[in-house]
Amino acid sequence: MSHPALKKLWIGGQAVDGETHIAPLLSINPATGAVNHEVAAAGAVLADVAVRNADDAARSKSWRQMLPPQRAAILSRMADGMERRSEELAQLQMLENGKVWRECQVQVKSAAATFRYYAGVCETTGSEVTPARGDYLSMSVYEPYGVVAAITPWNSPMTMEAQKVAPALAAGNAVVLKPSEITPSTALVLAEIATQAGLPAGILNVLPGTGAQVGAALVEHPKVRMVSFTGGTESGRRIAETAARKLMPVALELGGKSPHIVFNDAPVDAAVAALAGGIFEGSGQSCVAGSRAFVQRGVYDEVVAKLVATARALKVDLPDAAGAEMGPLATFAHRDKVASMVDAARLAGADILAGGHRPDAAHLAAGAYYLPTVVAGITNQAAIAQQEIFGPVLCVIPFDDEADLIAQANDTAFGLASGVWTRDYQRAWRVARALEAGTVWINTYKQLSISTPFGGFKDSGIGREKGINGMRLYQQPKGVYFGMAALS
Ligand code: NAD
């Protein structure tokens with residue numbers, strides 16, 4: 001795809017060349033291995049330029065004093081712009097991370113809806129008058145941090161970018177967005193849309209580049225006062241270390257190894273469909289993928305047989321092929337990593353009941369494909385049940401009773417999401433409260449809403465995005481007191 005904006009970075013409201021000593025990023029189509037286009041890359045020099053621009057813009061009267069309805073109108077127009085260019089955005093994402101066409105379309109709509117939601121939040125949430133304890137009027141008002149660095153991963157670039165940029169702008173900040181080096185393009189189109197929507201220059205800057213070259217420089221920069229990061233747990237830990245030194249708040253949405261639980265009394269067919277969708281949709285490259293299925297012994301054989309049949313029947317194909325249910329993984333290196341983790345499990349004695357290799361179809365040979373895989377014959381202690389794979393690999397583990405289930409489900413470093421299938425609502429409630437996870441789905445899975453807080457327990461992160469407090473995440477409260485004693 002040839003698109004002039006993709007050859008440049010976006011700083012101060014205009015397209016800017018990349019750094020001369022830094023090689024451009026290669027945008028590669030994982031479905032075919034073809035090069036889509038080159039994207040200019042930034043390093044520490046342009047990170048500094050962008051942050052200074054953003055800092056000036058954040059302090060400018062035009063942004064500081066813009067009234068909430070005006071800011072909300074810009075966010076709404078950004079949503080309109082995304083909807084107008086939805087085909088182009090969906091296609092860019094499909095070409096860069098290989099998600100199937102239908103899912104890309106849904107994700108653009110969802111990203112646009114996020115801008116609309118935060119337009120509403122921006123306009124309708126206010127300051128509070130706090131209960132006075134003397135002759136004064138006290139208030140709590142909410143101030144932006146100034147410059148926020150937003151750093152996003154490749155699996156769902158548009159939704160992640162919207163989830164950070166919309167609330168951070170609604171909160172009154174300027175943003176420097178660093179998209180993943182694997183999926184840099186949609187963010188550049190978003191910057192164009194923002195400018196056309198009337199966002200003042202410098203309030204949204206986009207810096208494609210690697211984590212080491214530009215991401216780390218942004219996190220270190222003294223004028224960046226808050227970082228919102230979604231990505232792997234190890235990268236998040238490094239960012240948190242820098243943030244601790246700078247005494248800077250961070251929001252970290254990290255990895256997961258989510259338990260998806262089926263009790264004996266569950267509606268088996270619905271549970272199996274959700275188990276399969278929860279791990280194979282997006283080729284398993286979802287932070288909330290239900291990658292550990294815990295199945296009670298009474299239905300274990302039936303669930304496993306149906307899961308294997310479902311996995312084998314899934315249509316793995318080119319992402320824009322009619323009826324394609326699963327595309328490739330996002331990169332060849334990632335596909336090879338997933339394959340090596342399954343191979344290691346096989347060597348360690350696991351039963352690979354479905355998949356466990358690349359597809360045989362000749363027309364998929366040049367792409368980064370891997371078949372939907374079901375792994376059994378393991379315990380929750382197995383490496384494959386403990387490490388985040390981030391691929392289409394489901395571990396199935398039996399359990400006996402509720403206590404056994406809770407012990408196993410919580411025996412993980414992660415705590416992002418979980419799912420429970422049972423007809424017993426009292427048990428559903430008990431289990432939901434006992435699971436160490438930021439989200440619990442009961443008799444549904446991967447149901448996501450912008451109005452409900454989202455984030456992780458334990459190694460899955462710090463902070464909650466989404467919801468009204470998703471805007472507060474990007475603000476700091478300030479107490480203001482008016483003395484009410486007579487002025488002599
Ligand atoms: P990653 O951590 O390698 O990279 C994420 C982003 O951080 C990229 O833009 C990368 O360039 C940047 N980055 C890497 N190191 C950095 C550093 N030291 N300083 C600053 N920036 C740095 O993760 P990934 O491989 O792109 O994404 C996959 C991971 O993301 C998985 O672990 C997945 O679970 C997680 N994820 C979590 C959520 C969530 O909401 N919890 C959502 C999607 C993905």
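The protein chain holds 16 helices and 20 strands. Helices (H or I, at least four residues) and strands (E, at least two) are DSSP runs, numbered from the N terminus. The model is predicted: local features need pLDDT of at least 70, side-chain atom pairs count only at pLDDT 80 or more, and totals for chains, interfaces and linings use all residues. Residues are numbered from 1 along each chain as its sequence is written, and side-chain values use heavy atoms, with hydrogens and water left out.

The C-alpha atoms fill a box of roughly 80 × 60 × 40 Å along the principal axes. For 488 residues, a compact globule would have a radius of gyration near 23 Å, and the chain agrees with 23 Å. This radius is taken over C-alpha atoms, and the globule rule is 2.2 Å times the number of residues to the power 0.38. Of the 488 residues, 57% are buried. Buried means under 20% relative accessible area, exposed over 50%, and partly exposed in between (1.4 Å probe, protein chains only).

The largest nonpolar core has 87 residues. A nonpolar core is a set of buried Ala, Val, Leu, Ile, Met, Phe, Trp, Tyr and Cys residues joined through side-chain atoms within 4.5 Å. M78, F115, L169, L204, L207 and V227 touch the most other members. Helix α5 (residues 101–124) gives the largest share, nine residues. Apart from this core lies another, of 40 residues, including V262 and W441. Leaving aside residues up to four places away in sequence, V227 touches A149, I151, V219, I239, M248, P249, V250 and A251. Contact means heavy atoms within 4.5 Å.

T152 sits in the loop between β7 (147–151) and α6 (157–170). T152 is buried, at 4% relative accessibility.

The structure contains 27 salt bridges. A salt bridge is a side-chain nitrogen of Lys or Arg within 4 Å of a carboxyl oxygen of Asp or Glu. One joins the side chains of E103 and K99 (3.3 Å, N to O). Both E103 and K99 are buried. Another joins R237 and D459 (3.3 Å, N to O). R237 lies in helix α9 (residues 233–246) and D459 in the loop between β18 (439–442) and β19 (461–462), so the pair ties together parts 222 residues apart in sequence. R237 is partly exposed at 37% relative accessibility, and D459 is partly exposed at 27%. D55, R59 and K223 are linked in a network of salt bridges.
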